[in-house]
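Please consult the sequence and coordinates shown below alongside the text.

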Amino acid sequence: MSAANRSQFIYVTYIRTTPEKLWAALTDAEFMKQYWFGMHCESQWTAGAPWQLVSGDGEIFDAGEIIEADPPRRLVIRWQHQNRPELKAEGNSLCTMELEPAGAAVKLSITHSIEREPSKLIEAVSGGWPKILSNLKSLLETGSIALLDAYRQSTTQP
Amino acid sequence: MADRDLLFKALADPGRRKLLDRLHAHDGQTLGELCQHLAMTRQGVTQHLALLEGANLVVVHWRGREKLHFLNPVPLQEIYERWIRKFEKPRLRALSDLKHRLEEGDDPQPPRRRPS
């Protein structure tokens with residue numbers, strides 16, 4: 001990592017849909033459960049609003065606040081893990097979602113970063129995002145998801 | 001817009017796979033950092049990175065004046081789902097059948113379906 005004391009990843013996928021539909025898919029709790037393996041976010045999705053990532057049985061895995069919400073373009077979430085003490089101790093991370101039209105598709109970029117290196121949180125969430133994005137793409141493009149059991153072996157959400 | 005052909009073409013070269021491995025070991029590197037310890041010219045690395053970017057396997061992010069390269073594993077996940085997962089399931093079932101058959105020894109068993 002060239003910038004000292006930061007862990008970061010960027011995941012990008014192209015989805016054949018509109019920015020409006022993708023924004024709705026990223027913020028609608030019921031829709032989210034379909035591609036996020038039963039998890040969903042609870043928030044009003046406006047700057048300053050609280051944000052939570054909740055499991056199927058109601059457990060709060062992550063919590064924070066909406067830092068920026070510019071539908072259907074950009075969403076920034078302050079994100080702190082709640083469930084595992086060693087991850088919670090790492091403090092706040094920042095998750096940025098950017099939606100850009102790209103021809104007949106929308107480019108969705110998800111950047112997740114934390115101001116420490118190495119970071120167990122970033123390591124833990126980095127396994128989940130590709131599966132979630134792949135499911136989201138598949139759901140929006142074909143109406144069905146590819147994976148049902150993302151968390152069988154992964155360590156934590158997303 | 002990345003498509004599957006670009007993706008497989010990008011993965012077909014050992015030098016490009018090495019670059020992906022280096023990003024996997026250490027994400028967010030500059031061109032200069034990626035060139036260290038590689039038996040490739042800077043120009044060669046630049047060309048490989050452009051192809052990887054075209055296939056959406058590498059994503060560039062500017063931090064101030066630094067151009068950082070990140071591994072984007074999302075297309076690999078899609079390959080896994082499209083090309084690996086569906087093939088591995090019958091194999092795993094065959095292995096599990098074999099294990100049962102061997103462990104059950106000479107217990108009388110109805111003939112099992114041939115593993116696919």
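## Backbone features in the loops of chain A

Pro72(A) sits in the loop that links β4 (60-70) and β5 of chain A. The structure is a predicted model, and in it the peptide bond from Pro71(A) to Pro72(A) is cis, with omega near -5 degrees. A cis bond also leads from Glu117(A) to Pro118(A), where omega is near 0 degrees. Pro118(A) belongs to the loop between β7 and α4 of chain A.

Trp45(A) is not a glycine, yet its phi is positive, near 60 degrees. The residue is placed in the loop between β2 (40-43) and β3 (50-54) of chain A. Because 17 other C-beta atoms lie within 10 Å, Trp45(A) is classed as partly exposed. As background to these features, most residues other than glycine have a negative phi, and most peptide bonds are trans.

## A positive phi in chain B

Chain B also contains a non-glycine residue with positive phi: Asn56(B), at about 65 degrees. Its position is the loop between α4 (42-54) and β1 of chain B. Is Asn56(B) buried or exposed? Asn56(B) counts as buried, because it has 21 C-beta neighbours inside 10 Å and the threshold for burial is 20 or more.

## Arg84(A) and its surroundings

The loop between β5 and α3 (85-88) of chain A holds Arg84(A). This residue has 15 C-beta neighbours inside 10 Å and therefore counts as partly exposed. Between the C-alpha atoms of Arg84(A) and Leu121(A) the separation is 9.6 Å, although the two residues are 37 apart along the chain.

## Helix α1 of chain A

Which residues of helix α1 (residues 19-27) of chain A are buried? They are Leu22(A), Trp23(A) and Leu26(A). Viewed down the axis of α1(A), these buried residues fall within an arc of 100 degrees, so they line one face of the helix.

The packing partners of the buried residues of α1(A) are the strands β1 (7-15), β5 (74-81), β6 (93-102) and β7 (105-114), together with α4 of chain A.

## The nonpolar core

In soluble globular proteins, nonpolar side chains tend to be buried together. The largest nonpolar core of this model has 50 residues. The residues with the most contacts inside this core come from both chains: Tyr11(A), Leu22(A) and Leu108(A), with Leu52(B), Val58(B) and Phe70(B). Helix α4 (residues 120-142) of chain A makes the greatest contribution, giving eight residues to this core.

Leaving aside residues up to four places away in sequence, Tyr11(A) touches Ile110(A), Trp129(A), Pro130(A) and Leu133(A) in chain A, as well as Asn72(B) and Val74(B) in chain B.

## The contact between the chains

The contact involves 19 residues of chain A and 21 residues of chain B. On the side of chain B that touches chain A, the elements giving two or more residues are β1 (58-63), β2 (66-71) and α5 (74-103) of chain B. Helix α5(B) supplies the largest share of that side, with four residues. By class, the side of chain B that touches chain A comprises seven nonpolar, eight polar and six charged residues.

## Organisation of chain B

Chain B has five helices and two strands, arranged along the sequence as α-α-α-α-β-β-α. Of its 116 residues, 23% are buried. When contacts in chain B between residues at least 6 apart in sequence are considered, 53% join residues at least 24 apart.

The domain assignment divides chain B into domain 1 (4-72) and domain 2 (73-103). The C-alpha centres of these two domains of chain B lie 30 Å apart. Their contact takes six residues from domain 1 and four residues from domain 2. The side of domain 1 of chain B that touches domain 2 has four nonpolar residues, two polar residues and no charged residues.

## Confidence of the prediction

For chain B the pLDDT averages 85, and 88% of the residues score at least 70. Residues 108-112 of chain B have a pLDDT below 50, and this stretch has three contacts in the model beyond near neighbours in sequence. The model scores are ipTM 0.78 and pTM 0.82.

Key: Residues numbered from 1 in each chain as written. Chains lettered and ligands numbered in written order. Predicted model: local features only at pLDDT ≥ 70, side-chain atom pairs only at ≥ 80, totals over all residues. pLDDT = per-residue confidence, 0-100. Contact = placed C-beta atoms within 7 Å. Core = buried A, V, L, I, M, F, W, Y, C linked by C-beta atoms within 7 Å. Buried ≥ 20, exposed ≤ 12 C-beta atoms within 10 Å, placed from the backbone. Nonpolar A, V, L, I, M, F, W, Y, C, P; charged D, E, K, R; others polar. Domains from an automatic or database assignment. Arc of directions from axis to C-beta.
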